[in-house]
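Here is a short tour of one protein model, written for someone who likes to know the cut-offs behind each term. Have the viewer ready and follow along.

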Amino acid sequence: MSAAPALRLNHVALAAPEPARSMAFYEAFGFAPGFVRHADDGTIALQQMQRDGQFVELLACTTAPAAGHFGLHTRDIAAVLAHLAAQGIAPLHPPRVGASGVLWTFFEDPAGNLVEVTQTCAA
């Protein structure tokens, strides 16, 4: 088996049905609000709380499949996909550009846990 392409832990996503309360909690640990995505009704759907180049991603919808996952970041998502495909591991969907401007996709481990892989898009 060839060596896996470089990956680093990027974030952990957690359910946060009351985003403001969760934000205050993580601010007490020194995290600061970063990227936010609002729902159609204007409420917070996703709030990233950043610290030292990583973040906790707070997801207001606790029933969304991605409400509990961790994210890995790479400089070359195509290399990661090729490496995993050679081992019979396929993403749940093709990579796509998200609202925050990163390219992302999800994988599911044998126990059903979700792993997100991201790559910064070229400017």
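Let us begin with Leu46, which counts as buried because its relative accessibility is 8%; buried means under 20% relative accessible area, exposed over 50%, and partly exposed in between (1.4 Å probe, protein chains only). This is a predicted model, in which local features need pLDDT of at least 70, side-chain atom pairs count only at pLDDT 80 or more, and totals for chains, interfaces and linings use all residues. Residues are numbered from 1 along each chain as its sequence is written, and side-chain values use heavy atoms, with hydrogens and water left out.

Leu46 sits in strand β3; strands (E, at least two residues), like helices (H or I, at least four), are DSSP runs numbered from the N terminus. Setting aside neighbours within four places in sequence, Leu46 contacts Phe35, Val36, Arg37, Glu57, Leu58 and Leu59, where contact means heavy atoms within 4.5 Å. Between the C-alpha atoms of Leu46 and Gly112, 66 residues apart along the chain, the separation is 22 Å.

Glu57 is buried and yet has no salt bridge, and the nearest side chain of opposite charge, Arg37, is 7.2 Å away. Glu57 does have a polar contact of 3.3 Å, side chain to side chain, with Gln48. Such a contact is a pair of N or O atoms within 3.5 Å; within protein, one must be able to donate a hydrogen and the other to accept it, and residues adjacent in sequence count only if both atoms are side-chain atoms. Beyond four places in sequence, the contacts of Glu57 include Val12, Leu14, His69 and Glu116.

Which salt bridges does the structure hold? There are 2 of them, each being a side-chain nitrogen of Lys or Arg within 4 Å of a carboxyl oxygen of Asp or Glu.

| Salt bridge | N to O distance |
|---|---|
| Glu18 and Arg21 | 3.5 Å |
| Arg51 and Asp52 | 3.3 Å |

Arg51 is partly exposed at 37%, whereas Asp52 is exposed, with a relative accessible area of 66%.

Asp52 lies in the loop between β3 (44-51) and β4. Although not a glycine, Asp52 has a positive phi of about 55°. Most residues other than glycine have a negative phi.

Another loop residue is Thr43, found between β2 (32-38) and β3. Thr43 counts as partly exposed because its relative accessibility is 43%. Its side chain makes a polar contact of 2.6 Å with the side chain of Asp41. Not counting residues up to four places away, Thr43 touches Arg37 and His38. Thr43 and Ala60 are 17 residues apart in sequence, with their C-alpha atoms 9.0 Å apart in space.

Finally, the surface: Leu9, Val12, Leu14 and Phe70 form a nonpolar patch with about 300 Å² of accessible area together. Patches are made of residues with over 30% relative accessible area and no salt bridge, joining like charges within 9 Å and nonpolar side chains (Val, Leu, Ile, Met, Phe, Trp, Tyr) within 5 Å. Areas come from the Shrake-Rupley method with a 1.4 Å probe, and for residues only the protein chains shown count as cover. Strand β1 (residues 8-15) gives the largest share of the patch, 3 residues. Leu14 is found in strand β1 and is partly exposed at 31% relative accessibility.

Technical notes: Lys and Arg count as positive and Asp and Glu as negative; His and the chain ends are not counted.
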